[in-house]
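Here are my notes on the model you sent over. Have it open while you go through them.

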Amino acid sequence: MKIIFVSNTSWNLYNFRGNIISALISEGFDVICLCKDERNSSEKLMRLGCKVYHLSSVDARGKNPWREMKLFLEIYRSIRYIQADLTFFYTVKMNIYGGIASSLLRRDYLNNVTGLGSMFCKHNKLPWVIRKLYKWAFSKSRKIIFHNDSDLRYMIDT
């Protein structure tokens, strides 16, 4: 079985998901990490035994629409190319872009919401747009895991 882990950074995947990645590899799963290249953390992930594909357009706080479209297309093409049995998404942009891409490609995926992000603290239209994108991204998810009860409550109540 082939599994993809997607996050903004290789550091995040190694430091927060390294144990589960190691456990899956030791059980015979083929694990691929899709993330921004950070040489030291990417090398550590590879030493665990997984493949690492890099996303060149990741800008965690960026709002440039062209760069965001480029990131979405990178994720879409990667998921289409890898043909994994299951994909796990972490971080706001990866949950949204990856969820939408996986939904369009009819691939199985799970969303992990470790935090809604700072944009929900703003008093403008951005939180409304993000909620709509989350709704689309989560619509076909096999499971949505909220790591924070208050974030879950917020999404249910709004």
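The points below go from the sheet to one helix, then to the salt bridges and a single asparagine.

1. Ground rules. This is a predicted model, so bear in mind that local features need pLDDT of at least 70 and side-chain atom pairs count only at pLDDT 80 or more, while totals for chains, interfaces and linings use all residues. Residues are numbered from 1 along each chain as its sequence is written, and side-chain values use heavy atoms, with hydrogens and water left out.

2. The sheet. Six strands make an open sheet in the order β3-β2-β1-β4-β5-β6, with parallel pairing. At the edges sit β3 and β6, each pairing on one side only. On average, neighbouring strands are turned by 20 degrees against each other, direction ignored. Helices (H or I, at least four residues) and strands (E, at least two) are DSSP runs, numbered from the N terminus, and two strands pair if DSSP finds at least two bridges between them.

3. A helix on the sheet. α3 packs on the sheet and touches β1 (2–9), β2, β3 and β4 (86–90); its direction makes about 150 degrees with that of β3. Contact here means heavy atoms within 4.5 Å. Axes are lines fitted to C-alpha atoms, for helices over the stretch in contact, and angles run from 0 to 180 degrees between N-to-C directions.

4. Which residues of α2 (residues 39–48) are buried? They are S41, S42 and L45, where buried means under 20% relative accessible area, exposed over 50% and partly exposed in between (1.4 Å probe, protein chains only). R39 and R47 are exposed on the face turned away from the buried side. After α2 comes G49, with a positive phi near 115 degrees.

5. Salt bridges. How many turn up in a search of the whole structure? Three, counting a side-chain nitrogen of Lys or Arg within 4 Å of a carboxyl oxygen of Asp or Glu. One of them joins D30 and K51, with the closest N and O atoms 3.0 Å apart. D30 is in strand β2 and K51 in strand β3, so this pair ties together parts that are 21 residues apart in sequence.

6. The other two pairs. K93 and E68 form a salt bridge at 2.8 Å between the closest N and O atoms. D108 and R142 meet at 3.6 Å, N to O. D108 counts as partly exposed because its relative accessibility is 36%, whereas R142, at 55%, counts as exposed.

7. N111. N111 stands opposite I144 in β6, and β5 and β6 pair in the parallel sense over four bridges. The side chain of N111 also makes a polar contact with the side chain of N95 at 2.8 Å. A polar contact is a pair of N or O atoms within 3.5 Å; within protein, one must be able to donate a hydrogen and the other to accept it, and residues adjacent in sequence count only if both atoms are side-chain atoms.
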